[in-house]
Amino acid sequence: MDTAAAGSLGSLTNYSSRTASNEMCTFLVMNISSLQLIPVNIIAYRSQYGSANPAAVIAPAIVATFISTVVEVIYCKVMGRKCD
């Protein structure tokens, strides 16, 4: 699905097939930042090792991934303006 979306982004731009557009780069970095709403693995590990409240990491995980996604969008916008 991600490859099809990136391919359709490529067809909307006038870039050559070997050059990624700013939109493609933003899409890639958004996928890499991976906004994770419920960190299931961390909850499972905390439960396995006897944590009193294994789900206590949900709010900090949401805040951290939200901040990383916002920083990523700002970075892509700033770098996109430099290249134009």
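1. Val70 has its place in helix α4. Helices here are DSSP runs of H or I with at least four residues, strands are runs of E with at least two, and both are numbered from the N terminus. Val70 is partly exposed because its relative accessibility is 35%. The classes are buried (under 20% relative accessible area), exposed (over 50%) and partly exposed (in between), with a 1.4 Å probe and protein chains only.

2. A word on the source. This is a predicted model, where local features need pLDDT of at least 70 and side-chain atom pairs count only at pLDDT 80 or more, while totals for chains, interfaces and linings use all residues. Residues are numbered from 1 along each chain as its sequence is written, and side-chain values use heavy atoms, leaving out hydrogens and water.

3. The fold is quick to describe. The chain has four helices and zero strands. Read from the N terminus, the order is α-α-α-α. Of its 84 residues, 15% count as buried.

4. Now the contacts, meaning heavy atoms within 4.5 Å. Take those in the chain with a separation of 6 or more: 47% of them join residues 24 or more positions apart.

5. Next, the surface. The chain exposes about 6,500 Å², and carbon and sulfur atoms supply 65% of that area. Accessible areas come from the Shrake-Rupley method with a 1.4 Å probe; for residues, only the protein chains shown count as cover.

6. Val70 also belongs to a nonpolar surface patch of about 830 Å². Patch residues have over 30% relative accessible area and no salt bridge; like charges are joined within 9 Å, and nonpolar side chains (Val, Leu, Ile, Met, Phe, Trp, Tyr) within 5 Å. A salt bridge is a side-chain nitrogen of Lys or Arg within 4 Å of a carboxyl oxygen of Asp or Glu.

7. Thr69 is found in helix α4, which covers residues 58-83. Is Thr69 buried or exposed? Thr69 counts as buried, because its relative accessibility is 13%. The Thr69 side chain reaches the backbone oxygen of Thr65 at 2.8 Å.

8. How many disulfides does the structure hold? The structure holds zero. A disulfide is a pair of cysteine sulfur atoms within 2.5 Å. The closest cysteine sulfur to that of Cys25 is in Cys76, 7.1 Å away, so the two are too far apart for a bond. Cys25 is partly exposed, at 35% relative accessible area. Cys76 is buried, at 14%.

Terms used:
Polar contact = N/O pair within 3.5 Å; in protein donor to acceptor, adjacent residues only side chain to side chain.
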